[in-house]
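Please look over the sequence and the structure first.

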Amino acid sequence: MRLIIISGRSGSGKSTALNVLEDNGFYCIDNLPASLLPDLAQRALLHTELLHPQVAVSIDARNLPSQLQRFPELLQEARDKHIQCDVLYLDADDETLLKRFSETRRRHPLTTDTRSLAEAISDESNLLAPIADLADLKLNTTNLNLYQLRDVLKLRLLNKPELGTAFLVESFGFKRGMPVDADLVFDVRCLPNPYWKPELREHTGLETEVQEYLAAQPDVEEMYQDILAYLNKWLPRFAASNRAYVTIAIGCTGGQHRSTYIAERIGQALKETLTNVQIRHRDLS
């Protein structure tokens, strides 16, 4: 059985996450009282109609504060039943959450006559800290639209068929912001940039023209070998520490050429030694 627990601040995308999982065969429950988590896990485990039950629940600030404080022990009770439990925590920066509430005109669950929206958003972080601290996967949705968020959730949550650590190799462009949920970040902006070759500017690191150019640069090959050697040494140790998800981010200026090329090569190489490697190019249009 697999149980996914979704949490995060209001407006960060929890409803979207539940919808994605429901569309992919999960039995989903919104706003589960945290105290019911062990009982739910036990009942789902005894379910006789499904060979491999898949359940997703949302636990958030609508819970009683006392129940949220007990989340660590409640989660451990569920895991003691030998159930695969993944905790997903979604978040975004305060400015983005304020904007989302202003656009949708929704009421924040913590606002009162004496507590403003900005104060409620800030207080929510403290309230959900016991869950955030135990999250297996944290996703920052600040720069993700609805469709991008759905794609990321499918990649990270649904492409994890076996137990063990799921590794994501992700390219990105620094000019659009560094992925805040990355565990390891490698900066390849010092490498020769195909952008300054007019005939390569409109191509990407996934295309032959750019790949041939970068493969011919000694610095590129040296950087690739150094990063791969580091990852081959240390990623198995991440896995041995029971990490559910590890994100390796590789960045260049725009996320189109150098980082895409290096990330693709790194990801394909890691697939030869690790069982669950995913590749994503964040800023390719």
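**Salt bridges and cysteines**

R9, D91 and D94 are linked in a network of salt bridges. A salt bridge here is a side-chain nitrogen of Lys or Arg within 4 Å of a carboxyl oxygen of Asp or Glu. By that rule the count is 14 salt bridges. The count of disulfides is zero.

This is a predicted model, in which local features need pLDDT of at least 70 and side-chain atom pairs count only at pLDDT 80 or more, while totals for chains, interfaces and linings use all residues. Residues are numbered from 1 along each chain as its sequence is written, and side-chain values use heavy atoms, with hydrogens and water left out.

**The D94–R9 pair**

- D94 and R9 form a salt bridge, with their closest N and O atoms 2.9 Å apart.
- D94 lies in helix α5 (residues 94–104), and R9 sits in the loop between β1 (2–8) and α1 (14–23), so the bridge ties together parts that are 85 residues apart in sequence.
- Helices (H or I, at least four residues) and strands (E, at least two) are DSSP runs, numbered from the N terminus.
- R9 is buried, at 4% relative accessible area.
- D94 is partly exposed, at 37% relative accessibility.
- Buried means under 20% relative accessible area, exposed means over 50%, and partly exposed is in between (1.4 Å probe, protein chains only).

**The E221–R265 pair**

- The side chains of E221 and R265 also meet in a salt bridge, at 3.0 Å from N to O.
- This pair links distant parts of the chain: E221 is in helix α10 (residues 218–240) and R265 is in helix α11 (residues 258–270), 44 residues apart.
- E221 is partly exposed, with a relative accessible area of 28%.
- R265 is partly exposed, with a relative accessible area of 25%.

**The E73–R70 pair**

- E73 bridges to R70, and the closest N and O atoms are 3.2 Å apart.
- E73 counts as partly exposed, at 43% relative accessibility.
- R70 counts as partly exposed, at 34% relative accessibility.

**Cysteines**

- A disulfide is a covalent bond between the sulfur atoms of two cysteines.
- The cut-off used here is a pair of cysteine sulfur atoms within 2.5 Å.
- C85 is in no disulfide.
- C85 counts as buried, at 6% relative accessibility.
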